[in-house]
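Here is a short report on how side chains pack in one protein chain. Look over the sequence and the coordinates before reading on.

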Amino acid sequence: MHIAVIGGGYVGLVSGACFAEFGIDVAVVETHPGRLAALRRGHIPIYEPGLDTLVADNFAAGRLTFGDDIAAAVQGAEAIFIAVGTPARRGDGHADLEYVYAAAKQIADAMTAYAVVVTKSTVPVGTGREVARIIREARPDLDFDIASNPEFLREGNAIDDFMKPDRVIIGIESDGADGGARAREIMKRLYRPLYLIETPIVFASLESAELIKYASNAFLAMKVTFANEMADLCEKTGADIHDIARGIGLDGRIGRKFLHPGPGFGGSCFPKDTLALVAIAREAGAPTRLIETTVAVNDARKVKLAERVIAACDGGILGKTVGVLGLTFKPETDDMREAPSVPILHTLDKAGAVIRVFDPAGMENARSLLPAGVFYCKDALDAASNADVLLVLTEWNEFRALSPVKLRQIMRGAAIVDLRNIYDPPAMRAAGFHYTSIGRA
């Protein structure tokens, strides 16, 4: 079986490599010259644990190829996946579908035989039908079907999420003569390895599949925001957010995931997808008030928590040194998109702080987003050295292992503001720190 994947970014590269691991021949189309050259050299342009080995193994086996010729890639393909970027459009929050529609036109020009054209990118309701219209308008002679197969890949855990998912969602256009039977059979064969391990495969309409992705991410974003608001309440009442999260998370109707408090959600999905869902709902005349509030509360939280750092310096941070552990929006990724570190560190910079940072993977991507005066350090201890206050922004495991005694020896001040709750409060206080975390005493 042969498929083509249009787009060699995060979703396209992970999906293509995993399909190749299933034993499928995959041609990834990447038109950016620098990225394509890197992929052909075996250099993975994104940070994702295990992806370099997966790509190298399948490239060496001949199941995974990279090129910029769409016509060659789609030749003989039974499915063509569109996996290009859909960034938030400036001004209104809608997903920018420029790249999706451009890919549809290129696919129409390149196709010579039947294939299922599948949107893998996160796209608003109605996009699949618009892609079908574009292809039919350009090539009325073509025989094809449209499907929606949204991805649910968590950065840092993407390979497991693809190979051992909670579910696979497939939306099929059923307007054709066979009611979508041919497309359904092709998609079933693509995911046969997951059928064998009894993964739930959910078939739905195009519109339902497109909306499922947004609804899932918006619901998880609400859980994160709810946990953060409960943490604020815990601080006022003397309760412990970790007890609260465990107590409600053990309820099977709620679940334990996404109830960890922090400085707000970020990354490439939650901020973009919540904004897009708000825009979709408003346009449809069915406003999503819960999601609108989630977006507003999350944005405000990032700036508000910078005030905790200033307060830890007795209300005055001018000229004080802030050591920062972690920059990326979560561990095991180099992704700085919508990371809470960006507004927090800009706020501290404006207040006159001297900022020293370390992140195991994200510093290169951070340079264009953070204030010009930030110092980039060689390791965590370097960032903490002579700091008046230490700020934890990302819960990388290597930060958890730092000795409180060693930190106290190398820091000038005794304040730690832990926005990820990675340290034990009694242990930090025993080491002589004025320790502040989220939602616990």
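## Nonpolar cores

How many residues does the largest nonpolar core have, and which have the most contacts inside it? The model is predicted. In it, the largest nonpolar core has 54 residues. L345, L348, L391 and Y423 are those with the most contacts inside that core. Y423 touches L325, V392, F399, R400, L402, L407, D418, M428, Y435 and R440, with residues up to four places away in sequence not counted.

Another core, of 45 residues, lies apart from the largest one. Among its residues are V14, I44, I170 and F203. In soluble globular proteins, nonpolar side chains tend to be buried together.

## Helix α15

Helix α15 covers residues 341-350. Its buried residues are S341, V342, I344, L345 and L348. Seen down the helix axis, they fall within an arc of 165°, so they line one face of α15. An α-helix has 3.6 residues a turn, so residues three or four places apart point the same way. L345 and L348 return here from the list of residues with the most contacts inside the largest core.

What covers this buried face? The cover of the buried residues of α15 includes the helices α13 (289-304) and α14 (306-312). It also includes the strands β9 (321-325), β10 (354-358) and β12 (389-392). Just after α15, G352 takes a positive phi of about 95°.

## Aromatic pairs

The structure holds 11 aromatic pairs. A pair of aromatic rings is described by the distance of the centres and the angle of the planes. For F59 and F66, the ring centres are 6.0 Å apart and the planes are at 25°, so the pair is stacked. Stacked pairs need planes under 30 degrees apart. F59 counts as partly exposed, at 39% relative accessibility. F66 counts as buried, at 8%.

The rings of F265 and F270 make an edge-to-face pair, because their planes are at 80°; their centres are 5.9 Å apart. Both F265 and F270 are buried. Elsewhere, ring pairs link F19, F22, F81, F162 and Y191 into a cluster.

## Charges over rings

Which charged residues lie over rings? The charged end of R167 sits over the ring of F152, 3.8 Å from the ring centre. R408 lies over the face of F433, at 5.9 Å from the ring centre.

Is K272 buried or exposed? K272 has a relative accessible area of 16%, so K272 is buried, the cut-off being under 20%. K272 is placed in helix α12 (residues 270-284). The side chains of K272 and D273 are joined by a polar contact of 3.0 Å. With neighbours within four places in sequence left aside, K272 is in contact with T86, P87, A88 and T122.

R400 is placed in helix α18 (residues 397-400). R400 has a relative accessible area of 40% and is partly exposed. With neighbours within four places in sequence left aside, R400 is in contact with E395, I422 and Y423. Y423 is one of the residues with the most contacts inside the largest nonpolar core. R400 and V100 are 300 residues apart along the chain. Their C-alpha atoms are separated by 41 Å.

Definitions and conventions:
Residues numbered from 1 in each chain as written. Predicted model: local features only at pLDDT ≥ 70, side-chain atom pairs only at ≥ 80, totals over all residues. Heavy atoms only, no water. Core = buried A, V, L, I, M, F, W, Y, C linked by side-chain atoms within 4.5 Å. Buried < 20%, exposed > 50% of the residue type's maximum accessible area, 1.4 Å probe, protein only. Contact = heavy atoms within 4.5 Å. Phe/Tyr/Trp six-rings, centres within 6.5 Å; stacked < 30°, edge-to-face > 60°. Lys NZ or Arg CZ within 6 Å of the ring centre and 35° of its normal. Helix = DSSP H or I, 4+ residues; strand = E, 2+ residues; numbered from the N terminus. Arc of directions from axis to C-beta. Polar contact = N/O pair within 3.5 Å; in protein donor to acceptor, adjacent residues only side chain to side chain.
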